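Dear colleague,

Please find below the structure that I promised to hand over, followed by notes on what was found in it.

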Amino acid sequence: MIGIYPGSFDPVTNGHMDIIERSSRMVDKLVVAVLCNRAKKPTFSYEERVRILKQCTAHLGNVEVETFDGLTVDFARRKGAHMIIRGLRAISDFENEFSMASMNKQLADDIETMFLMTNTQWSYLSSSMVREIAAYDGDIEPFVPAALAPQIKKALRASLQEEK
């Protein structure tokens, strides 16, 4: 069984890692899929996000990290996946995720969506919050993979300087 876990991961958080680690135990292979969303201006390049995610998941032997563009179900088919994994932080996430899962089911009846609740310790956490904390020179280490916190903070600061 191959599953994909799509997202922007800009930057990866401990909430993302919770979903990655737990879902990697449920499938034979997990593809962490970094979405190339042209509608957003990311803080980290796609290459940076892939590199960071590969470092974060190096201890998980069945996890691959790739970028993709286009429909998630098309990417899933190219990878031979029959499961899309989506993380839910709170009930407020469910409505949008349910709509997306329903549309994906219409587009690809053979691909299932599995929702995983993030560990309650991370239920409030989002990448945008991490970016906000970094913008005000706050400590992001409790919210991102600890080994990569300095690297992520440095990249976030550089990105913020470019915006000014």
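L71, M103 and L107 make a nonpolar surface patch of about 280 Å², where a patch is built from residues with over 30% relative accessible area and no salt bridge, nonpolar side chains being joined within 5 Å (a salt bridge is a side-chain nitrogen of Lys or Arg within 4 Å of a carboxyl oxygen of Asp or Glu; areas come from the Shrake-Rupley method with a 1.4 Å probe). This is a predicted model, in which local features need pLDDT of at least 70 and side-chain atom pairs count only at pLDDT 80 or more, while totals for chains, interfaces and linings use all residues. Residues are numbered from 1 along each chain as its sequence is written, and side-chain values use heavy atoms, with hydrogens and water left out.

L71 lies in the loop between β3 and α3 (72-79), and its relative accessibility of 46% makes it partly exposed, the class between buried (under 20%) and exposed (over 50%).

The structure holds zero disulfides, a disulfide being a pair of cysteine sulfur atoms within 2.5 Å. The sulfur of C36 has its closest cysteine sulfur in C56, 18 Å away, which is too far for a bond. C36 counts as buried at 15% relative accessibility, and C56 counts as buried at 7%.

Conventions
Buried < 20%, exposed > 50% of the residue type's maximum accessible area, 1.4 Å probe, protein only. Patch = residues over 30% accessible without salt bridge, like charges linked within 9 Å, V, L, I, M, F, W, Y side chains within 5 Å. Helix = DSSP H or I, 4+ residues; strand = E, 2+ residues; numbered from the N terminus.
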